[in-house]
Amino acid sequence: LYSTSLLYIFISLFFKSKSFFSLIQSKNSPENMCGIFAYLNYNVTRERRYILEVLFNGLRRLEYRGYDSAGISIDSSNQNSDPPLVFRQEGNIESLVKSVYHDVAATDLNLKESFSVHAGISHTRWATHGEPAPKNSHPQSSGAGNDFLVVHNGIITNYEVLKETLLRHGFTFESETDTEVIPKLAKFIFDKANEEGDQSVTFSQVVLEVIRHLEGAYALTFKSRHYPNELIACKRGSPLLLGVKDLEEKASSGSSFNDAKFPSSNGQPKELFLSSDANALVEHTKKVLVIEDGEVVHIKDGGVSIYKFDKVKNGGTLSRPASVERALSILEMEVEQINKGKYEHYMQKEIHEQPESLTTTMRGRLIRAGSCKAKTVLLGGLKDHLKTIRRSRRIVFVGCGTSYNAALAARSIVEELSGIPVTMEIASDLVDRQGPIYREDTAVFVSQSGETADTLLALEYALENGALCVGITNTVGSAIARHTHCGVHINAGCEIGVASTKAYTSQIVVMAMLALAIGADTLSNQARREAIIDGLFYLPRKVKAVLKLDEEMKDLAKLLIAEQSLLVFGRGYNYASALEGALKVKEVALMHSEGILAGEMKHGPLALVDENLPIVVIATRDSCFSKQQSVIQQLHARKGRLIVMCTEGDKASVSVGGSSRVIEVPQVVDCLQPVINVIPLQLLAYHLTVLRGYNVDQPRNLAKSVTTQ
């Protein structure tokens with residue numbers, strides 16, 4: 001395959017297109033949000049039904065990543081003569097399951113047939129190229145014989161060039177996806193190698209040639225009838241993990257997770273898994289390898305080989321792959337974390353988990369002994385960079401959606417304790433306008449998944465401009481965690497519901513602790529810092545208290561079930577609470593809702609006020625309380641239909657004439673009050689969604705992490 005003549009064929013094929021030169025230099029490579037899951041059993045007998053169920057369950061764990069279509073591929077009864085079977089279906093995972101078993105019954109496929117070695121791949125999709133339809137679902141195929149099959153998370157930015165070239169060489173395309181060029185390119189390379197007489201070409205060599213010609217962000221898993229019982233995975237930007245379950249370990253005494261050896265071709269029975277997320281692995285194994293960018297993982301004969309692929313950007317020679325050695329790591333996750341437990345929905349579970357998630361976020365970081373001198377925070381991921389941050393010209397918070405709102409909630413306290421100006425940037429806008437970022441800046445990138453495309457592009461931009469880049473994410477090993485100079489994991493635990501809840505509150509707490517750490521060298525604000533640390537210590541029990549409003553918020557949701565719009569007014573620290581509460585209602589209840597800065601009420605929004613439009617006003621005790629009382633008076637004077645959130649005991653102060661519905665919440669230190677105030681709004685959004693009959697965990701048109709531009 002690496003002979004000069006054959007390599008020349010590959011290179012000349014693609015350089016015939018003039019536009020390829022510009023595309024190869026494209027740095028803005030967005031990706032889509034999909035879920036990949038693959039299962040390979042080696043030297044352990046599994047029935048076809050068992051294999052199908054493992055694949056289906058893996059997809060169920062990943063369904064939050066996309067749920068408009070799905071597909072799987074398994075082996076036929078005769079691998080030598082019959083192509084792999086492919087099933088694809090529009091809709092959610094259960095639609096795929098029903099479709100597969102319907103097709104199986106129609107074809108008399110034996111579900112009890114056993115395989116000692118078998119490789120299956122599966123995919124759940126969030127559409128970007130082509131509408132949700134079976135033809136656009138994955139696995140995508142090289143053609144009628146399913147010689148090569150691919151599942152893909154990402155976007156191939158130069159797929160049009162590749163498609164045009166393959167069309168000229170006789171390939172036909174059935175889908176509207178960017179993915180279909182990948183298996184067809186694999187078949188082209190394989191066929192050319194065999195025409196040249198190189199019948200010993202390996203699966204990994206074919207894949208390495210394919211990915212050398214792909215531009216964009218992707219995670220890929222390949223299956224081929226020419227290489228039965230083998231799988232290949234590779235990634236560039238999109239997440240992908242390998243899970244390893246050595247079945248002989250159960251019988252061996254004294255083995256432990258600390259003895260996590262890399263799988264080799266030793267004939268021992270084992271199961272291997274590939275997944276976009278650890279959620280789908282933890283029920284099978286805790287031994288994982290986080291596949292890194294530029295790696296090709298080849299599973300064959302029960303062993304795993306890893307190769308590094310590289311592409312010289314200036315169009316020079318292509319490098320040969322170099323095998324690398326990697327160690328397995330151990331997942332710090334329990335199966336219980338990904339189950340609903342006693343709750344009906346993941347969003348409901350995650351809302352009610354917040355006392356525990358906040359405790360975990362602060363564990364080992366909040367130091368509060370008896371004496372005042374011992375009250376401090378310890379953020380290990382930042383300690384070597386605090387001096388640089390304190391010397392910053394400004395701090396720039398960058399995020400999208402809920403993460404942006406969390407940063408906005410923390411902006412005031414960061415400014416107050418650090419004495420450094422803080423600016424807010426929506427990631428996509430920063431990149432669009434190429435806003436000024438300086439070497440003297442500290443840029444803080446906030447993302448629950450750590451894979452948000454716009455935030456990653458903003459991070460790349462900030463790195464190019466020389467800023468110190470700090471990451472705040474919930475995902476260990478994510479792109480933001482890897483590419484920032486330093487950072488803090490929020491440790492909120494697994495969040496599966498598409499609408500973020502517990503990650504939001506943990507992000508606020510982490511950024512409050514960031515403010516405490518930056519300002520720790522200033523004596524003038526010591527009393528303020530100690531009050532905040534005390535507030536953090538008691539915060540989980542305050543959250544537990546506010547969760548008792550669950551039934552009250554359900555009753556309120558019943559009153560609002562038929563409404564088409566909702567306004568939420570906030571000010572100061574709670575402007576972010578208004579934005580986030582409105583976003584939650586918008587995301588899951590599919591009701592128009594708008595968070596508004598109360599100070600802007602007279603500059604337009606007041607025109608919307610009448611006796612029918614429900615309006616939530618957040619008026620808890622802080623420096624803006626008297627101003628919010630004035631807002632309530634003005635809204636009441638215009639017969640506004642008010643729902644007021646206030647501090648416990650303040651009902652009489654905010655309910656003008658007793659006409660307003662009042663929600664009383666516990667009081668905490670002002671900079672932490674947004675954590676308390678957002679929870680009733682999360683509960684309201686949840687109950688509104690359920691009562692309106694919508695899917696609360698998988699809202700329309702959305703996926704858990706927005707990884708496409």
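In the predicted structure, an open sheet of eight strands is arranged in the order β3-β2-β4-β1-β10-β9-β11-β15, with antiparallel pairing. Because β3 (85-90) and β15 (329-330) stand at the edges and each has a single partner strand, one side of each is left without a neighbour in the sheet. Within the sheet, β1 (residues 35-47) pairs with β10 (residues 270-275) in the antiparallel sense over six bridges, and the bridge partner of F37 in β10 is S275. Helix α3 (residues 48-62) packs on this sheet, where it touches β1, β2 (69-74), β4 (114-125) and β10, and its direction makes about 155° with that of β1. Helix α4 (residues 93-107), in turn, lies across β2, β3 and β4 and runs at about 135° to β3.

The largest nonpolar core comprises 91 residues, and those with the most contacts inside it are F397, L536 and L539. Helix α15 (residues 502-518) gives the most to this core, with 13 residues. Leaving aside residues up to four places away in sequence, F397 touches several residues, including A407, V414, V422, M424, V444, V446, M511 and L514. Another core, of 36 residues, lies apart from the largest one and has L55, V97, L241 and F273 among its members.

In helix α5 (residues 159-168), the residues Y159, V161, L162, T165 and L166 are buried; they lie on the same side of α5, because they cover an arc of only 160° around the axis. The face of α5 turned away from this buried side carries the exposed residues E160 and R168. Following α5 is G170, whose phi is positive, near 95°.

Terms used. Residues are numbered from 1 along each chain as its sequence is written. This is a predicted model: local features need pLDDT of at least 70, side-chain atom pairs count only at pLDDT 80 or more; totals for chains, interfaces and linings use all residues. Side-chain values use heavy atoms; hydrogens and water are left out. Buried means under 20% relative accessible area, exposed over 50%, partly exposed in between (1.4 Å probe, protein chains only). Helices (H or I, at least four residues) and strands (E, at least two) are DSSP runs, numbered from the N terminus. The arc is that of the directions from the helix axis to the C-beta atoms. A nonpolar core is a set of buried Ala, Val, Leu, Ile, Met, Phe, Trp, Tyr and Cys residues joined through side-chain atoms within 4.5 Å. Contact means heavy atoms within 4.5 Å. Two strands pair if DSSP finds at least two bridges between them. Axes are lines fitted to C-alpha atoms, for helices over the stretch in contact, and angles run from 0 to 180 degrees between N-to-C directions.
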